[in-house]
Amino acid sequence: MIKLGCMSLSYSRAIQDGRMDLFDFIDRARELGLDGIDIHTRALASEDDAYLGDVRMRCLQRGLAISYLGISNNFGKPAGEISAEIEMVNHWIDVAARLHVPMVRIFAAWDRDDTPAYVTWSRMIYAISEVVAHGASRGVAVGLHNHNHGCVTRTGDDVVRILNEVDHPGFTHILDTGQYAGSPGASGSRGNPDPAYDFYGSMEKSAPYAVHVRAKFYRVQSGEEVWLDYPRILGILKNVGFNGWMSVVYEGQDVEAEESAVPKAVAYLRRLLAEHGM
């Protein structure tokens, strides 16, 4: 059965405005009947052992797992900045280990106008290999998140190529349903898919490698996501026997508040998962 969760960024405005902290988010996940949560590093108020222990206990007491810790990195930075970027990711891998989280999320690299694409790619593969090796030494898997907007993981072919080139048992894939090129949420005109790309096809290509799915929600006022075809997406996942985590990631704050939208997204996914026997 699919494990249903929620990403802390779904309540990014509430957390940023001080209306909610990480402990409140954990309580909200329990109220929604979820199996677990994903935490972005920005949601952590401290890295002290006592604080991390409190986060673990709060989740344990509410029957929730922490499926991954989200790191925002860019391995496409200039050569002189890559070592610091690797150190930053390794630092958060260490925090994940202390938090007893099994996986971290990383990005790949963003292209630069002043750097040939093949140089950026080579630099990225080296950096990913370094952090994956560190993760393995700490018992933490590293999940590659697909992303558009200039990132080199804009298609399913790109993601699979990176996974194959790094080729490490501790390196895996976190599939984001809204971030492949062509998606209504990732294209230049939000709400309109880019016909130059087959973003559902990209999902089909990378889904066999995924252990976690970030279920993006943009327009769920009616109780059903409008921009993304979730019955089709769940069909793709079922066809590859996906049995991992699926977490709500809400990004429609410009049209509906998080407090009302996230419960709608959870209910919608729960209904569709039941209909698909997942």
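The legends below describe close-up views of a predicted model.

Residues are numbered from 1 along each chain as its sequence is written, and side-chain values use heavy atoms, with hydrogens and water left out. Because the model is predicted, local features need pLDDT of at least 70 and side-chain atom pairs count only at pLDDT 80 or more, while totals for chains, interfaces and linings use all residues.

View 1. The largest pocket holds about 250 Å³ of space. A pocket is an open set of points on a 1 Å grid over the protein atoms alone, where a 1.4 Å probe fits, with protein on both sides within 12 Å along at least five of seven lines; the volume is the space filled by probe spheres set on the points, which are joined across faces, edges and corners. Of its 21 lining residues, His147, Gln179, Arg214, Lys216 and Glu251 are the closest to the centre, where lining means having an atom within 4 Å of a point. Strands E7 (210-217) and E8 (245-250) are the elements that give two or more residues to this lining; helices (H or I, at least four residues) and strands (E, at least two) are DSSP runs, numbered from the N terminus. By class, the lining has 4 nonpolar, 10 polar and 7 charged residues, with Ala, Val, Leu, Ile, Met, Phe, Trp, Tyr, Cys and Pro as nonpolar, Asp, Glu, Lys and Arg as charged, and the others, Gly among them, as polar.

**View 2. Helix H3 and its cover.** Helix H3 (residues 49-61) has 13 residues and spans 18 Å from first to last C-alpha, close to the 18 Å expected at 1.5 Å a residue, a figure taken as 1.5 Å times one less than the number of residues. Its buried residues are Tyr51, Leu52, Gly53, Val55 and Cys59 (buried, under 20% relative accessible area; exposed, over 50%; partly exposed, in between; 1.4 Å probe, protein chains only). Helix H2 (22-31), strand E2 (36-40), strand E3 (65-70) and helix H4 (79-99) are among what covers them. Just after H3, glycine 63 takes a positive phi of about 70°.

**View 3. Asparagine 73 in the loop between E3 and H4.** Asparagine 73 is buried, with a relative accessible area of 3%. A polar atom of its side chain lies 2.8 Å from the backbone nitrogen of phenylalanine 107. Leaving aside residues up to four places away in sequence, asparagine 73 touches Glu85, Met88, Val89, Ile106, Phe107, Ala108 and Trp110 (contact, heavy atoms within 4.5 Å).

**View 4. Histidine 100 in the loop between H4 and strand E4 (103-106).** Although not a glycine, histidine 100 has a positive phi of about 65°. Histidine 100 is exposed, at 58% relative accessibility.

Notes. Polar contact = N/O pair within 3.5 Å; in protein donor to acceptor, adjacent residues only side chain to side chain.
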